[in-house]
Amino acid sequence: MMPLFAVICRDRPGALQTRLDTRQAHLAHIEDSGIVRMAGPLIQDGEMRGSLVILEAPDIATAQGWAASDPYRAAGLFESVEVIEWKKVIG
């Protein structure tokens, strides 16, 4: 089993429309890559305000490359993006 990586993204304030406009391209990126094991939006005050994506990849460079090519990032949605190795313990 390859290592897992968490991609933790926080949206720019007031960027919900950018998220909505780019959502289909983002979901296609997830589907096409074949390395996403879990994904979903971060919710704050009942509104999507970020993303958590768990990748199974050979190394952190591959995970960082995936994050860099996310259509959300290209659209300028994110205020911050962190890629960090993650160890699944429960679930």
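**Entry 1: Getting my bearings**

I began at the N terminus and read the elements of the chain in order, which gave me β-α-β-β-α-α-β. I kept in mind that this is a predicted model. My tally of the secondary structure came to 3 helices and 4 strands.

Next I looked up the overall form. Along the principal axes, the C-alpha atoms fill a box of roughly 40 × 25 × 20 Å.

**Entry 2: Inside and outside**

How many of the 91 residues count as buried? I noted 34% of them. The chain exposes about 5500 Å², and carbon and sulfur atoms supply 53% of that area.

I also looked at charge. I found 9 positive and 12 negative side chains in the chain, with the centres of the two sets 4 Å apart.

Then I turned to contacts between residues at least 6 apart in sequence. Of these, 71% join residues at least 24 apart. I decided to follow up with some single residues later on.

**Entry 3: Strand β3 and its partners**

I picked β3, residues 47–56, and asked which strands pair with it. Strand β2, residues 36–44, pairs with β3 in the antiparallel sense over 8 bridges. β1 also pairs with β3 in the antiparallel sense, over 7 bridges.

I wrote down a few partners to find my way around. Val 36 has Leu 55 of β3 as its bridge partner. Gln 44 stands opposite Glu 47 in β3. For Arg 10, the bridge partner in β3 is Gly 50.

Is β3 mostly covered or mostly open? I found it mostly covered, with 7 of its 10 residues buried.

**Entry 4: The turn at Asp 45**

β2 and β3 form a hairpin, with 2 residues between them. I stopped at Asp 45, which sits in the loop between β2 and β3. Asp 45 has a positive phi of about 55°, although it is not a glycine.

Why does Asp 45 count as exposed? Its relative accessibility is 71%, and the cut-off for exposed is over 50%.

**Entry 5: Asp 11, in strand β1**

I moved on to Asp 11, which lies in strand β1. Asp 11 counts as buried because its relative accessible area is 9%, and buried means under 20%.

Which residues does Asp 11 contact, leaving aside its neighbours within four places in sequence? My list reads Arg 19, Met 48, Arg 49, Gly 50, Leu 77, Phe 78 and Glu 79. I also checked Asp 11 against Val 81: they are 70 residues apart in sequence and 9.0 Å apart in space, C-alpha to C-alpha.

**Entry 6: Two residues of helix α1**

Helix α1 covers residues 16–33, and His 26 is found there. His 26 is buried, with a relative accessible area of 5%. Leaving aside neighbours within four places in sequence, I found His 26 in contact with Asp 70, Pro 71 and Tyr 72. The C-alpha atoms of His 26 and Ser 69 are separated by 9.6 Å, and the two residues are 43 residues apart along the chain.

Thr 18 lies in helix α1 as well. I noted Thr 18 as partly exposed, with a relative accessible area of 21%. Not counting residues up to four places away in sequence, Thr 18 touches Arg 12, Ala 75 and Leu 77.

Is Met 1 buried or exposed? Met 1 is exposed, with a relative accessible area of 86%.

Note on methods
Residues numbered from 1 in each chain as written. Predicted model: local features only at pLDDT ≥ 70, side-chain atom pairs only at ≥ 80, totals over all residues. Heavy atoms only, no water. Buried < 20%, exposed > 50% of the residue type's maximum accessible area, 1.4 Å probe, protein only. Contact = heavy atoms within 4.5 Å. Areas by Shrake-Rupley, 256 points an atom, 1.4 Å probe, with all protein chains shown as cover. Lys, Arg positive; Asp, Glu negative; His and termini not counted. Charge placed at Lys NZ, Arg CZ, Asp CG, Glu CD. Pairing = 2+ DSSP bridges.
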